[in-house]
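Morning, everyone. Please have a look at the screen while I walk you through this one.

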Amino acid sequence: KNKYDIVITEVGGTVGDIEGLPFYEAIRQLILEKKKQNCLVIHTTLLPFINAAGEVKTKPTQHSVMRLREIGLAPDVLVCRTEDAHHLSDSLKKKLGLFCNVNSEQVFESPDVETIYEIPLVLYNQGFDKTIINKLGIKNSKKHSQIKYLDKAIKTYKSPKKQVTIAM
């Protein structure tokens with residue numbers, strides 16, 4: 001209790017699938033109970049690149065946001081999964097913001113990376129932490145600057161000093 005200022009919880013799956021509905025309803029009720037100003041809905045979504053069209057498609061994201069709204073949830077922040085070669089441009093951020101009712105400054109890119117542990121660093125470098133702190137009205141603290149420990153752990157993971165062989 002009182003150990004963490006912010007807790008981020010992931011609900012996996014596809015918006016609209018029947019398996020996730022009880023979880024989305026629980027989130028909707030939690031937001032009502034804890035008050036909207038104390039909660040954020042961060043929607044992680046895939047932006048597929050269609051080779052034949054030569055472009056990133058935003059329609060699947062627009063539809064998933066529409067399904068969230070039908071459930072009673074509206075995303076405050078979008079985290080868009082992209083292929084490494086097809087980054088999220090400012091014009092795509094503006095388009096997503098406009099059609100998903102999110103400020104374009106709250107649209108973040110989560111590109112393919114070598115290890116999943118790099119995603120927090122990628123988001124941090126885009127100002128994700130500052131956006132969350134500002135949207136929740138938390139006074140800016142130095143606690144969030146402890147990202148250097150994660151950076152060090154990733155460097156160690158990617159360039160180990162020794163090799164270990166494990167038999168199963």
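How much of the protein chain do buried residues make up? They make up 32% of its 168 residues. Buried here means under 20% relative accessible area, exposed means over 50%, and partly exposed lies in between, with a 1.4 Å probe and protein chains only.

A word on the source. This is a predicted model, where local features need pLDDT of at least 70 and side-chain atom pairs count only at pLDDT 80 or more, while totals for chains, interfaces and linings use all residues. Residues are numbered from 1 along each chain as its sequence is written, and side-chain values use heavy atoms, with hydrogens and water left out.

Now the layout. The protein chain has six helices and five strands. These are DSSP runs numbered from the N terminus: helices are H or I with at least four residues, strands are E with at least two. The order from the N terminus is α-β-β-β-α-β-α-β-α-α-α. The C-alpha atoms fill a box of roughly 50 × 50 × 40 Å along the principal axes.

Next, contacts, meaning heavy atoms within 4.5 Å. Take those in the protein chain with a separation of 6 or more: 65% of them join residues 24 or more positions apart.

Start at helix H1, residues 21-34. H1 has 14 residues and spans 20 Å from first C-alpha to last. That is close to the expected 20 Å, which is 1.5 Å times one less than the number of residues. After H1 comes Lys-35, with a positive phi near 80°.

On to the inside. What makes up the largest nonpolar core? It has 12 residues, among them Leu-47, Phe-49, Val-56, Leu-92 and Val-107. Such a core is a set of buried Ala, Val, Leu, Ile, Met, Phe, Trp, Tyr and Cys residues joined through side-chain atoms within 4.5 Å. Strand E4 (77-82) and helix H3 (90-100) each supply at least two residues of this core. H3 gives the largest share, three residues. Leaving out residues up to four places away in sequence, Leu-92 touches Val-56 and Thr-58.

Last stop, Thr-131, in helix H5 (residues 128-135). Is Thr-131 buried or exposed? Thr-131 counts as buried because its relative accessibility is 13%. Beyond neighbours within four places in sequence, Thr-131 contacts Val-77, Glu-105, Gln-106 and Phe-108. Thr-131 and Val-77 are 54 residues apart in sequence, yet their C-alpha atoms are 8.7 Å apart in space.
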